[in-house]
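Here is a brief report on one protein model.

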Amino acid sequence: MIAIYPGSFDPITFGHVDIIERGCKLFDRVIVTIVRNPSKVPLFTVEERIEQILCSTKHLSNVEVDSFEGLTVNYAKMRQAKVLLRGLRVLTDFEMELQMAHTNKTLLGEIETVFLATSNAYSFLSSSVVKEIAKFGGSVDHLVPKHVALDIYKCYASRNPLASNPTPPDAALRTNYLSTQPPSETTPEPQE
């Protein structure tokens, strides 16, 4: 059975990776799908996010990474998926996700939504939290895979001088990485 795990993944976090790994134990194939939303200004391009996810899931043989724009149920139908995989952190997630599951069911009767409760270690974690911490110079090494953390630091180093003043746990790595990077032009702040 094929499951679709849709989201913005801007950026992918250890919480996302946890849901993907657990989903891979339940389904024959998990398609991690970046939903392109033209009304949002992401931190990373779709191509960068695909690469981040591929690198984060290379240890999983039954993961595929893709992107689409439009209704998730249309994508699921096109890919012959019967399940939408969703992670739940808190009660407010459940209320929103349940409403979306019911809406998706009215659009495509054969689609089911499977909710996985987020592991306790990641119950507070979201891409927005990661970006907020990094924006103000905090360490995100414990929240995202190492290659993603480096991408984030590089992105914010040119936007905020605090981002080049790292905090533990991986401050030395960040400092060395950031000091070798040329300055880039300032770009508008991403919105989520």
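## Ground rules

Contact here means heavy atoms within 4.5 Å. The model is predicted, so local features need pLDDT of at least 70, side-chain atom pairs count only at pLDDT 80 or more, and totals for chains, interfaces and linings use all residues. Numbering starts from 1 along each chain as its sequence is written, and side-chain values use heavy atoms, leaving out hydrogens and water.

## D10

D10 sits in the loop between β1 (2–7) and α1 (14–26). Helices (H or I, at least four residues) and strands (E, at least two) are DSSP runs, numbered from the N terminus. D10 is buried, at 3% relative accessible area. Buried means under 20%, exposed over 50%, partly exposed in between (1.4 Å probe, protein chains only).

Beyond its neighbours within four places in sequence, D10 contacts P42, L43, F44, R49, S127 and K131. A polar atom of the D10 side chain lies 3.0 Å from the backbone nitrogen of F44.

## A81

A81 belongs to the loop between α3 (72–78) and β4 (83–88). A81 is buried too, with a relative accessible area of 4%. Residues up to four places away aside, A81 touches I2, I4, A76 and I111. Its C-alpha atom is 9.5 Å from that of E110, 29 residues apart along the chain.

## Helices α2 and α6

Helix α2 (residues 46–56) packs against helix α6 (residues 146–157) at about 155 degrees, with axes 9 Å apart. Axes are lines fitted to C-alpha atoms, for helices over the stretch in contact; angles run from 0 to 180 degrees between N-to-C directions. On the α2 side, Q52, C55 and S56 make the contact; on the α6 side, H147, V148 and D151 do.

Key
Polar contact = N/O pair within 3.5 Å; in protein donor to acceptor, adjacent residues only side chain to side chain.
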